[in-house]
Amino acid sequence: NAGVMQNPRHLVRRRGQEARLRCSPMKGHSHVYWYRQLPEEGLKFMVYLQKENIIDESGMPKERFSAEFPKEGPSILRIQQVVRGDSAAYFCASSPDGGITIYFGEGSWLTVV
Amino acid sequence: GEDVEQSLFLSVREGDSSVINCTYTDSSSTYLYWYKQEPGAGLQLLTYIFSNMDMKQDQRLTVLLNKKDKHLSLRIADTQTGDSAIYFCAEPNNAGNMLTFGGGTRLMVKP
C-alpha cells in the first residue's frame, strides 16, 4: 500500500507564475489535508477536503490559493501569481475516515525566484 | 484557539535517553500526536496518546501525558544517530480535522 504521494517534490517558479501541487492520498483514504511549512517553522493547517467537497479552508490565504479534490484523480493545491513569501514546503496528508490516523506525504518544496 | 509550544533544540550522546517536551493549551484534546521529520522529508507518525492515558510505551518510545499541567513528553531510550531529526507534537481541534503543530524540537545525537 503506497503512502501519500505528492508531486512534484521540488518546484521552482518565477514571481507571477502559477504553481500546481498534486497529492494522491493513500488507497482507501477519502480525507485530504494540506499544510504549509515555512522555513524553520512548524506546519500550519491550510485546508481539509473530502471527495468533491471543501470541509474547512480556514487556513487558506484569502487570495491566490485554491484547493480541490475531484471525484477522480489527485487533490490539487493551486497557487496563482506566486510571490517569494509562498516559498515553503507544502505537505499533504490523508486519513481513511477523518479520524486519528493521519499520514503525511513527503512534501512539495516550492521555491519562488 | 490551540497553541503548542516546544523547546527548539536538544543535543544528546548516542546511547543516552532523550526527552522532548511539549505544552499545549486545549484541555479538551482527546488525543495528542508525536511526529518525526528527517531532513528534506515528510512527517512520520511516531505515536499518539489518548487523553485518558498517562503513559504509552512502544519499544524505545515512551509518551507521558500530564493533563493537569497540559504537558506531553516523548522519551527515546538508547538514542541512536538515526534518531536525529525534528520532532513535532500536535493536537487536534475539537472537530478533529485540523492539527496544530508545535514549532518542532531539533534532536541532535552525537556519537
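Trainee: How does A:Glu52 count, as buried or exposed?

Mentor: Buried means under 20% relative accessible area, exposed over 50%, and partly exposed in between (1.4 Å probe, protein chains only); at 55% relative accessibility, A:Glu52 therefore counts as exposed. This is a predicted model, in which local features need pLDDT of at least 70 and side-chain atom pairs count only at pLDDT 80 or more, while totals for chains, interfaces and linings use all residues. Residues are numbered from 1 along each chain as its sequence is written, chains are lettered from A and ligands numbered from 1 in the order in which they are written, and side-chain values use heavy atoms, with hydrogens and water left out.

Trainee: What is the phi of A:Glu52, and where does A:Glu52 lie?

Mentor: Most residues other than glycine have a negative phi, and most peptide bonds are trans. Phi of A:Glu52 is near 70°, a positive value, and A:Glu52 belongs to the loop between β5 and β6 of chain A, strands being DSSP runs (E, at least two residues) numbered from the N terminus. In chain B, B:Asp78 has a positive phi near 50°; B:Asp78 sits in the loop between β8 (71–76) and β9 (85–92) and is partly exposed at 40%.

Trainee: Which residues does the cis peptide bond join?

Mentor: That bond links A:Asn7 to A:Pro8, with omega about -5°, and A:Pro8 is in the loop between β1 (5–7) and β2 (10–13) of chain A.

Trainee: What area is buried between chain A and chain B?

Mentor: Buried area is the accessible area (1.4 Å probe) that two parts lose on being put together, summed over both. Here it is about 1600 Å², of which carbon and sulfur atoms give 59%; A:Leu43, A:Ile100 and A:Phe104 supply 34% of what chain A buries against chain B, more than any other three residues.

Notes. Helix = DSSP H or I, 4+ residues; strand = E, 2+ residues; numbered from the N terminus.
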